[in-house]
Amino acid sequence: MLARILLCARPVSATLPALTRPLAHSTAHMDPGSGGRPVETAIRTKLTGALVPAHLEVHNESHMHAVPPGSESHFRVLVVSASFDGLSLIQRHRLVNEALREELSSCVHALAIQAKTPAQWGSNPSVAKSPPCMGGSKGDHSVEVKLAAGRE
Amino acid sequence: MNNLIRASVRCLRAGSTAGYPSMRLPAGPVSFTAARLLCAATDMQQTLGEMVKKDKVVVFIKGTPAQPMCGFSNAVVQILRMHGVDDYAAYNVLDDQDLRQGIKEFSNWPTIPQVYLNSEFVGGCDILLQMHQSGDLVEELNKMGIRSALVEAEKESK
């Protein structure tokens, strides 16, 4: 468990060597505007590297849940990528999960995923809405551990 | 709940033959947590393997169908309710951290809720919702011999 917390505490730049292709926004992790959102930045960076999306949306939905303000624990992602062609929903979601394995095992408690091909996005360019929180994260010790990991 | 009791009793029996110290069992149902103390993590994986096979529809959620504790888990419950599926096994991961961690490893899936149809892992809330919207869920239930209430409702409206 401690190893997992430390993994999340590393700066995003420590994870970039794993990517083989240069990013359009290679300095995204040093962008002062994203300085306050390291987890969101990491998610964006990793999904971009792994899936080369035609369209990507990363929404921090932590404010909709029973966690302190400023948390980065609950996210919704919309990924539009040709990588999903011919793949079932579960295969697509597993690709996303795999790209974000580190975050999901440390700071991210919930991840809502929409994984569309460019054709599907073209015919229905809509982002689903998350259901209202039912307070499950309040007093949930494993969420507190993840929040602590995200803060470090 | 009967499934949990059966699983926990089975686990205890395995524990007693594997050289674990014998334990005086209280009269009445044995909690899953007590059984877990006696069993290794590998037994948890085996137990989960049995749990997902025991019922046609199996969900791992936060809370219960009567009182879900998470919006995404509630969405799964509501979708099943809409289809008239009320005979399914629902395991509350908030009751047991080992179960919560175990099912994530078993399914190789990082989040809750998790849905199993006919012993096969189908995905989480997002996938179930998309299957519901596309009509795939009606088809999958049909293959399992479960007639969705939405099919009946559609017939009646024609």
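Trainee: What covers the buried residues of helix 2 of chain A?

Mentor: Cover is read through contacts, meaning heavy atoms within 4.5 Å, and through burial, where buried means under 20% relative accessible area, exposed over 50% and partly exposed in between, with a 1.4 Å probe and protein chains only. Helices (H or I, at least four residues) and strands (E, at least two) are DSSP runs numbered from the N terminus. In this predicted model, the cover over the buried residues of helix 2 of chain A includes strand 1 (55-60), strand 2 (74-80), helix 3 (89-99) and helix 4 (101-105) of chain A. Among the residues of that helix that are buried are A:Val39, A:Ile43, A:Leu47 and A:Leu51, but also A:Glu40 and A:Lys46.

Mentor: As for provenance, this is a predicted model in which local features need pLDDT of at least 70 and side-chain atom pairs count only at pLDDT 80 or more, while totals for chains, interfaces and linings use all residues. Residues are numbered from 1 along each chain as its sequence is written, chains are lettered from A and ligands numbered from 1 in the order in which they are written, and side-chain values use heavy atoms, with hydrogens and water left out.

Trainee: What span should helix 2 of chain A have?

Mentor: The expected span of a helix is 1.5 Å times one less than its number of residues. The 14 residues of helix 2 (residues 38-51) of chain A should therefore span 20 Å, and its end C-alpha atoms are 20 Å apart, which agrees. Just after this helix, A:Val52 takes a positive phi of about 40 degrees.

Trainee: Which residues of chain B have a positive phi without being glycine?

Mentor: B:Asn108 is one of them, with a phi of about 55 degrees, and its place is in the loop between helix 5 and strand 3 of chain B. Another is B:Ser119, whose phi is near 70 degrees, in the loop between strand 3 and strand 4 (120-123) of chain B.

Trainee: How exposed are B:Asn108 and B:Ser119?

Mentor: B:Asn108 is partly exposed, with a relative accessible area of 42%, and B:Ser119 is partly exposed as well, at 35%.

Trainee: Where is there a cis peptide bond?

Mentor: The cis peptide bond joins B:Ile112 and B:Pro113, with omega about 15 degrees, and B:Pro113 lies in the loop between helix 5 (97-107) and strand 3 (114-117) of chain B.
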